[in-house]
Amino acid sequence: MGKIENQFAMQDPTTQYPQPEFEKQPQSAPGLAREMRPKPDHGETSYKGFGRLAGRRALITGADSGIGRAVAIAFAREGADVALSYLPSEGADASEVVSLIEKEGRKAIPLPGNISDEAFCVNLINDAAMQLGGLDILVNVAGKQTAVEDIADLSTEQFEATFRTNVFALFWLCKAALPHMPAGGTIINTTSIQSYQPSPMLLDYASTKAAITAFTHSLAKQVVGKGIRVNAVAPGPIWTPLQPSGGQPQDKIPPFGSEVPMKRPGQPAELAPIYVVLASQESSFVTGEVYGVTGGNHLS
Ligand code: NAD
Ligand code: MG
């Protein structure tokens, strides 16, 4: 594994981060980043900012761990104040992110709760906007993934819970956020390679990700006249607690990431720069776009 000084240090990306085999490491959902071996890199010691989001006010869901945590750290280092959404059981991960944001001299507003409830989503947006003094950026990262091999074993309860968390919450959060957002505001959703190349054991999850891709294209066209841009990021396999906590069967954890051309999983820190550019004015002509971060598998 190479030395990660900052996101600009030139090195071989295939050996930049840990490669399979990994240890089996079952956790119950939602998992905690602090329990993972090896520890994921969220850019804690490496992400270097340049004020690209100076003064922006952002709400990030799933901000305690994984991709959302890397985005929260990067946004704070780029000068944004950040409200963080996560489940109450993830307080230990979230408090580490709050400290990292405050260390940058930025505001961190922890807002725990369950986004599969519409009333909670409306309150989440209103609380974030009130405590940040407005809302410029909404980043939807939270998601639920539970692998089930056979449709006969996929319950209606799970199917509904996956849709409520991944799709309904996105609808409720975007709907509540838009009235707060000024021209120049941005929404970034998190879809997946699963939207394009679905795995057989992720029937419900892959379907939600395809819905998120279509939602992103449609909403982008609907709100472009308000000067608000809507884009999505489509990750491939990323080393986060989502995977060992039921996102994959446990026997898929040791070889996790070996199937992509880079032959390793991505780290959350490798996603953050893409969310930064999509949130910032640098991507002013980009809307309705899906940006793949997959280790070499194409979105098609
Ligand atoms: P993660 O477990 O670190 O993050 C997911 C977060 O979702 C959790 O931290 C939790 O706070 C939040 N969440 C889940 N259910 C919730 C609920 N009901 N209410 C509130 N918050 C809830 O894992 P991650 O891999 O960083 O996942 C982030 C996003 O990336 C997800 O949308 C996931 O589908 C997507 N994604 C991940 C991968 C991967 O390989 N890890 C690949 C493609 C897409
Ligand atoms: Mg988490």
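Which residues come nearest to ligand 1? Of the 29 residues around ligand 1, these are Ser65, Glu90, Tyr205, Thr240 and Gln243, where a residue counts as near if one of its heavy atoms lies within 4 Å. The model is a predicted one, in which local features need pLDDT of at least 70 and side-chain atom pairs count only at pLDDT 80 or more, while totals for chains, interfaces and linings use all residues. Residues are numbered from 1 along each chain as its sequence is written, chains are lettered from A and ligands numbered from 1 in the order in which they are written, and side-chain values use heavy atoms, with hydrogens and water left out.

An N or O atom in the side chain of Ser65 sits 2.5 Å from an oxygen atom of the ligand. The side chain of Asn114 has an N or O atom 2.8 Å from a nitrogen atom of ligand 1. Ile238 takes part through its backbone, with an N or O atom 2.8 Å from a ligand oxygen. On its own, ligand 1 has 810 Å² of accessible area, and the protein covers 96% of that (Shrake-Rupley method, 1.4 Å probe). By class, the shell holds 13 nonpolar, 13 polar and 3 charged residues, with Ala, Val, Leu, Ile, Met, Phe, Trp, Tyr, Cys and Pro as nonpolar, Asp, Glu, Lys and Arg as charged, and the others, Gly among them, as polar.

Grid points are joined across faces, edges and corners, and a volume is the space filled by probe spheres set on the points. Helix H4 (156–177) and helix H5 (203–223) each supply at least two of the lining residues, and H4 gives the most, with 5.

The second largest pocket has a volume of about 510 Å³. Among its 32 lining residues, Gln16, Tyr17, Arg264, Glu270 and Leu271 lie nearest the centre. H1 and helix H7 (272–279) each contribute at least two residues to this lining.

Aromatic rings of Phe, Tyr and Trp (its six-membered ring) pair if their centres lie within 6.5 Å; planes under 30 degrees apart count as stacked, over 60 as edge-to-face and the rest as tilted. That gives 5 aromatic pairs. In one of them, Phe8 and Phe50 have ring centres 5.8 Å apart and planes at 55°, so the pair is tilted.

Cis peptide bonds join Ala29 to Pro30 and Arg37 to Pro38, with omega near -10° in the latter. Lys263, in the loop between helix H6 (243–247) and H7, has a positive phi near 60°.

How values were computed:
Helix = DSSP H or I, 4+ residues; strand = E, 2+ residues; numbered from the N terminus. Polar contact = N/O pair within 3.5 Å; in protein donor to acceptor, adjacent residues only side chain to side chain. 1 Å grid on protein atoms, 1.4 Å probe; cavity = no way out; pocket = protein on both sides within 12 Å on 5 of 7 lines; lining within 4 Å.
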